[in-house]
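Open the model in your viewer and keep the selection panel at hand.

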Amino acid sequence: MAFSLKHLILLLVAAVAVCIKLNDAQYIPSARCLCHNTVRRTSEIITDFQIIQRGPSCDTTQVIVTIENSNNSTVELCLNTEGLLAKAFIKCWNRIKKDDSQKVTCLNKSNMRRAPARVTDIHA
């Protein structure tokens, strides 16, 4: 099946148009990051966390924690990676060699650091 000259010219024009469109496309760094708003710390109990390493879709490491708020529902928060809590999670995550089954180690340490002093009633 041979192409006629008309078809070849049309194919060439279409290819040039696609190339021009792709050349005008703009890459926006961090456009596909999950974390756009971050917090440095939280006082709620952290029940889970997720570390997303930087990659082609997002140029920053992301630390997402799941907290249990006052009405017993869970909320995900993004931690600022410059904050002490996020740095502690990243360090612990690397120490446990990114093993999900060991996450509880990191969670216990972070929750113990932030746990408020509890007053217990002693009835004599």
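Select Phe89. Leaving aside neighbours within four places in sequence, Phe89 is in contact (heavy atoms within 4.5 Å) with Ile46, Phe49, Ile51, Val63, Val65, Leu79, Cys106, Leu107 and Ser110.

A note on the model before moving on. It is predicted: local features need pLDDT of at least 70, side-chain atom pairs count only at pLDDT 80 or more, and totals for chains, interfaces and linings use all residues. Residues are numbered from 1 along each chain as its sequence is written, and side-chain values use heavy atoms, with hydrogens and water left out.

Next, the core. A nonpolar core is a set of buried Ala, Val, Leu, Ile, Met, Phe, Trp, Tyr and Cys residues joined through side-chain atoms within 4.5 Å; buried means under 20% relative accessible area (1.4 Å probe, protein chains only). The largest one has 16 residues. Select Ile46, Phe49, Ile51, Val63, Val65, Leu79 and Phe89: these touch the most other members. Now color by element. Strand 1 (45-52), strand 2 (62-68), helix 2 (84-95) and helix 3 (103-114) each give two or more residues to this core. Helix 2 gives the most, with 6 residues. Helices (H or I, at least four residues) and strands (E, at least two) are DSSP runs, numbered from the N terminus.

The 3 strands form an open antiparallel sheet, in the order 1-2-3. Two strands pair if DSSP finds at least two bridges between them. Strand 1 and strand 3 (74-79) are the edges, each pairing on one side only. The twist averages 25° from one strand to the next.

Zoom in on strands 1 and 2, which are joined by 7 bridges. Pick Ile51: its bridge partner in strand 2 is Val63.

Finish with helix 2. Helix 2 packs on the sheet and touches strand 1, strand 2 and strand 3. Its direction makes about 65° with that of strand 1; axes are lines fitted to C-alpha atoms, for helices over the stretch in contact, and angles run from 0 to 180 degrees between N-to-C directions.

Technical notes:
Buried means under 20% relative accessible area, exposed over 50%, partly exposed in between (1.4 Å probe, protein chains only).
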